[in-house]
Amino acid sequence: MSELVMAADGRPLKASLNRALRRQKLRALALIAPLLIFILVSFVMPIADMLFRSVENEIVGDTLPRTTQALKTWDPSADQAPGEEVFDALYTDMALAVEYKSHTRLGSRLNYEKTGIASMFRKSGRRVSKFKTDVYKDTFVAADAAYSDAGQWERWMSDAEIRANLPVTTDAYDGWAKMLVEAEGDVPGEEQPWNFVYAALYQDAVAGAELPIAVDVSAIEPVSISAQFAAVDDSWLDPDVWRTIKTYAPKYTNGYFLNSVDLMKGAEGIEQRPDNEKIYVVLFVRTMIMSLSIMGMCVLLGYPIAWLLANLKDRTANLLMILVLLPFWTSLLVRTSAWKVLLQQQGVINDLLVWIGLVADDNRLQLINNQTGTIIAMTHILLPFMILPLYSVMKTIPPSYLRAAKSLGATNWTAFWRVYFPQSVPGIGAGCILVFILAIGYYITPELVGGTKGVFISNRIAYHISSSLNWGLAAALGTILLVIVMALYWAYDKIVGIDNVKLGG
Amino acid sequence: MKTTMKLMATSCLTLTASMAFADGHMANEMTIVSWGGAYSASQQAAYHDPYMAKTGVNIINDESSAEAVAKLRAMNEAGNVTWDVVDVVAADAIRLCDEGLAMEIDADTQLADGDDGSKASADFGDLLVSDCFIPQIVYSTTVGYRTDLVGDTPPTDICALFDTETYPGKRSLEKRPVVNLEWALLCDGVPKDEIYDMLATDEGQAKAFAKLDTIKDDTIWWSAGADTPQLLADGEVVMGSTYNGRLFSLIEEKKQPVAMLWDAQMFDLDGWIIPTGLTPERQARALDYIMFATDTQRLADQAKYIAYGPARLSSAPLVGKHATLGIEMAPHMPTDPNNAKNTFLYNYEWWADYRDDMDAKFQAWLSQ
């Protein structure tokens, strides 16, 4: 039996030690807290928020809540548009969305999935307040003037029994009242309800609900809402449009991810995109292959330079180091434009080759606006990221090892390959990781010198972020890229070992 | 001692002042976003300087128009819009309006009447392509060619782009579907008024791409406005598309052996939007600026500095000479009757719908 060891103040030593340690840990945590919070707020959270957009899809359900509800019973494999009840719901949703100015935003969202929806929503939004549905309002008001009284409406709509009797009306009135307060800054008790509320009341009445004041609605010739939507744009009768709305009604979607691997949601589940719209898989593969080539070029060019730097006298080495760093101090755009001047067909390199006589004047080399151009320009831009880690690792390899190997009878090559090279591998690893990860994210240089076949997936991400505003697709493409990088990093760790990477001494 | 007090007082004042700045906007300051370069310089001379002299408002320039759409959305989501007036092309204005990021403008009440007494809505006419868009200039995408590389028969119409036998050599075209598809169909014999209907069909798109296929290997695709002028100046291409103002500066200012075609020039518009989410005070100031900067005289003034046509009908007679070159600017306006014999008006509604779809197809076609 071990006896409890006591500290000087009479408490158990273990607890006392723990306390002291905990305090130390807390102090350490408090010291790094500013940085930790800064990184969380300014780096981790925005990235998480951006990645979340790749599945988020609340806009459809939020903008058209009644329509998506009504669509639940519609069979998407039908070859005709849904019935009048869906259009009635759309009428209410659209009239409200126009006041919130959210209908065009939804139109743009759905236009990513089916071309033409943007203008359908824009046009319908302009016309929906002028739909000819006065007959409902006129009939109710003619039957009893109370139906035109804003205050009376408010009293009805706060009566639980009437609300239960008139579900459709209640829903439309509540949406209207909320919109009035939020978008217009008016008070519902002072405004006569708009036409779509009377249209909703008519639907309740036809369904046999008990009205607050009985009105004979049998004489009303019902107005076809679908016909009025179709008059604005006949695509409203296209079942494809409704299929799109129904497909993208849920709060979350895998549509962006499918799109980013050239698939799409068709009528019968997931299908391939048509050949003339497939781009992303090709671009992902191309980005990987070209980044690996750039990385390889950097190793080939960077290794001898780093070796030279590490083995020259300090004075000369410093001078050369400045030359290596010089590109770092020049703007990226300037460097890229300089490559254009050098590489184009009427450029310096071609002129030189023609002058020497290596190349015929009418057969100048195509060195830019293709993959060659991208690889040359990016290798140049990323070379310092390879040279610097290589140099700092080589600096720590004692030259005496090579001399020892040679004195034991090794040839120059054996000495290098068996003794020197293995010790420089951590530098190669670090340089490769740096160059590769930087390369797959580059988009300015490929855009400027890549022509048609030398652009990367990041060019498309940039396009969707800044031009098409399809941030969901951009987020999905970005997520895939991130996952690929992490998978490669994991593979590297398994094969080479991440402990084997050194950025310096 | 006195010095110390003074120093302290000064630093206190500086601190307060910088905090007021940090708050976003001093009472008398506004941030105007535009494209930079010669274009911003023309706006500075024609709009900003007179406005600052007139009102005392200090205008800060931001050259972010190329990323305006994305940045405005990000600012709007963050609830902190730091821009007061933004210069964008009409297609972007439509997108911003759709996204609820630009405020709607009532032309007749919020814009100045024309000098000739016409209402703003009539003076701008069809150019008010979106409820949020206040047109400023008409520019066009057109073709320039090297006079020394086209032989004895300089091109006269747009289809020279597709005629690689008469005009061998590289061409440069913009790396996006807009304009290229229209020209391709036009040169494939489709009548001008049927082009957009045609492009809406799969066959029409296939036809347009097939026509572009014939010059795909001879084309350098540009993405920056400065590309074609540089390629023409270096003799890298024999002809290429770019904005008419760029060609004006290449021909008249830099005196390069280049000439331009006005045939089938594609009209496009550039103008202002006011972001949503401004405080009432800032919004009022932005509207006041817009009222001033888009009146008849101001729009005509801008043409002194850059070869883009004023968007108001009433400004056209007031266009004078270039401020430094001293040449008459009217004949260099895309809207000049001699130049506008055969023009093409970009169909905004159509492109707003088809832009994403066509862009995907165009990119797929490029990478094949």
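## Cavity lining by class

Eight nonpolar, two polar and five charged residues make up the lining of the largest cavity. Here Ala, Val, Leu, Ile, Met, Phe, Trp, Tyr, Cys and Pro count as nonpolar, Asp, Glu, Lys and Arg as charged, and the others, Gly among them, as polar. A cavity is a set of points on a 1 Å grid over the protein atoms alone where a 1.4 Å probe fits but cannot get out; lining residues have an atom within 4 Å of a point.

## Model and conventions

This is a predicted model: local features need pLDDT of at least 70, side-chain atom pairs count only at pLDDT 80 or more, and totals for chains, interfaces and linings use all residues. Residues are numbered from 1 along each chain as its sequence is written, chains are lettered from A and ligands numbered from 1 in the order in which they are written, and side-chain values use heavy atoms, with hydrogens and water left out.

The model scores ipTM 0.87 and pTM 0.89. Chain B averages a pLDDT (the predictor's confidence in each residue, from 0 to 100) of 90, and 93% of the residues score at least 70. Residues 12-24 of chain B fall below 50; beyond near neighbours in sequence, this stretch has four contacts (heavy atoms within 4.5 Å) in the model.

## Cavities

The whole structure holds three cavities of 30 Å³ or more. Volume is the space filled by probe spheres set on the grid points, which are joined across faces, edges and corners. The largest cavity has about 150 Å³. Its lining counts 15 residues; closest to the centre are Arg122(A), Ile94(B), Arg95(B), Asp98(B) and Ala352(B). α14(B) gives the largest share, five residues. Helices (H or I, at least four residues) and strands (E, at least two) are DSSP runs, numbered from the N terminus.

The second largest cavity has about 100 Å³. Of its 14 lining residues, Lys340(A), Asn369(A), Leu448(A), Ile220(B) and Leu231(B) are the closest to the centre. α22 (444-449) of chain A, plus β6 (219-222) and α10 (227-233) of chain B, each supply at least two lining residues.

## Nonpolar cores

A nonpolar core is a set of buried Ala, Val, Leu, Ile, Met, Phe, Trp, Tyr and Cys residues joined through side-chain atoms within 4.5 Å. Buried means under 20% relative accessible area (1.4 Å probe, protein chains only). In the largest core, of 96 residues, Trp183(B) and Tyr289(B) touch the most other members. Another core lies apart, with 57 residues, including Leu90(A) and Phe229(A).

Note on methods. Buried < 20%, exposed > 50% of the residue type's maximum accessible area, 1.4 Å probe, protein only. 1 Å grid on protein atoms, 1.4 Å probe; cavity = no way out; pocket = protein on both sides within 12 Å on 5 of 7 lines; lining within 4 Å.
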